[in-house]
Amino acid sequence: MDRYLGKGDHNMKNRIKKVKIGRNSPCPCGSGKKYKNCCLNASKKVLTLKQEYKRKYDIRLKEPEEIEGIRKCGVLLLDIMDKVSSMIKPGITTNDINTIVHEETIKAKAVPAPLNYHGFPKSVCTSVNEVICHGIPGNRVLNDGDIVNVDITPILNGFYADANKTFFVGNPTKDGKKIVGVARESLKRAIEVVRPGARLGDIGWAIQHYAEGQGCSVVREFVGHGVGLDFHEQPQVLHFGKRGKGIELVPGMVFTIEPMINLGTRKLHILDDKWTAVTNDNALSAQFEQTLAVTETGCESLTPFEL
């Protein structure tokens with residue numbers, strides 16, 4: 001669910017805190033090195049990076065055990081998404097999708113994050129055709145040729161994972177094939193640039209450069225976001241931008257990329273329900289989303305599916 005724009009050894013750390021160790025003493029980790037040349041400097045670097053990103057950007061870099069918790073939540077999410085995929089066909093309603101998502105989430109002893117989030121009344125977002133995002137499930141019947149985006153966010157053991165896919169309903173139209181293909185490829189190209197040392201602007205540029213080059217437009221009012229320990233965290237991940245600009249990516253960052261791509265103009269309006277975002281020209285809109293963790297060498301999708 002998009003956001004509106006507007007490895008450490010803990011036992012070792014505890015021992016270090018409790019026992020005063022001289023800089024030239026043997027390191028208690030058993031490496032044989034002096035403390036000043038081993039864990040002292042390593043601990044300072046890790047803490048400094050975490051503290052710097054929290055202080056400067058309010059970004060919470062995740063520990064390995066936290067990333068593992070998000071990864072497990074992602075496994076559940078993808079299992080639910082597979083069940084949704086198998087039921088997509090003409091004649092079902094968006095509320096049928098909500099029912100399966102809600103029931104499968106509860107069955108796994110998890111919580112559907114969208115339900116009652118700032119008043120959102122359902123357990124999943126279902127956005128059909130001209131709906132860009134935040135579509136509220138209801139009595140809308142899916143017809144042959146429609147496209148529908150399903151955006152799922154469970155909370156499992158306190159950890160959040162967030163992903164969405166746009167599905168064809170029955171036989172896709174020519175316009176449906178194009179917008180879904182461009183949205184899927186936009187996310188794929190964005191993921192390919194995620195690595196330590198890259199910038200948030202590189203992500204936005206990759207999406208904007210490709211999508212606009214295909215004659216489509218990129219929605220700017222809604223963005224990706226940090227996730228994992230809460231539904232929406234920093235940073236905001238814009239789906240447009242300039243290369244080399246924005247916050248530098250570092251290991252431990254966990255965020256979503258979820259470009260919303262329109263077949264026509266990028267202009268939109270919000271319906272009276274104060275949630276549903278719709279294209280002004282009634283043109284199709286599609287979206288794909290994954291939750292990503294920046295690693296030492298690149299990135300890992302914590303909600304991986306083929307693009």
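This is a short talk on one protein chain, going from the whole fold down to single residues.

Two notes before I start. The model is predicted, so local features need pLDDT of at least 70, side-chain atom pairs count only at pLDDT 80 or more, and totals for chains, interfaces and linings use all residues. Residues are numbered from 1 along each chain as its sequence is written, and side-chain values use heavy atoms, with hydrogens and water left out.

Let's take the whole chain. Its secondary structure comes to 6 helices and 18 strands. Helices here are DSSP runs of H or I with at least four residues, strands are runs of E with at least two, and numbering goes from the N terminus. The C-alpha trace spans about 70 × 45 × 30 Å along its principal axes.

Now the surface. The chain exposes about 14300 Å², and carbon and sulfur atoms supply 49% of that. These areas come from the Shrake-Rupley method with a 1.4 Å probe; for residues, only the protein chains shown count as cover. Of the 307 residues, 51% are buried. Buried means under 20% relative accessible area, exposed means over 50%, and partly exposed is in between, with a 1.4 Å probe and protein chains only.

Charges next. There are 43 positive and 35 negative side chains, and the centres of the two sets lie 11 Å apart. Lys and Arg count as positive, Asp and Glu as negative; His and the chain ends are not counted. Each charge is placed at NZ of Lys, CZ of Arg, CG of Asp or CD of Glu.

Helix α4 covers residues 94-107. At 1.5 Å a residue, its 14 residues should span 20 Å, and its end C-alpha atoms are 20 Å apart, so the two agree. The expected span is 1.5 Å times one less than the number of residues. Which residues of α4 are buried? They are Thr94, Ile97, Asn98, Ile100, Val101, Glu104 and Thr105. They cover an arc of only 165° around the axis, so they sit on the same side of α4. That arc uses the directions from the helix axis to the C-beta atoms.

Helix α3 has 24 residues and reaches 35 Å from first C-alpha to last, close to the expected 34 Å. Its buried residues include Ile67, Cys73, Leu77 and Met87.

Now some backbone details. Most residues other than glycine have a negative phi, and most peptide bonds are trans. Aspartate 58 has phi near 60°, a positive value. Aspartate 58 lies in the loop between α2 and α3. At 41% relative accessibility, aspartate 58 is partly exposed. Lysine 109 also has phi near 60°, in the loop between α4 and β2. Lysine 109 is exposed, at 75%. The peptide bond from glutamine 234 to proline 235 is cis, with omega near 5°. Proline 235 is in strand β11.

Valine 294 is in strand β17 and is buried, at 2% relative accessibility. Valine 294 and asparagine 139 are 155 residues apart in sequence and 40 Å apart in space, C-alpha to C-alpha.
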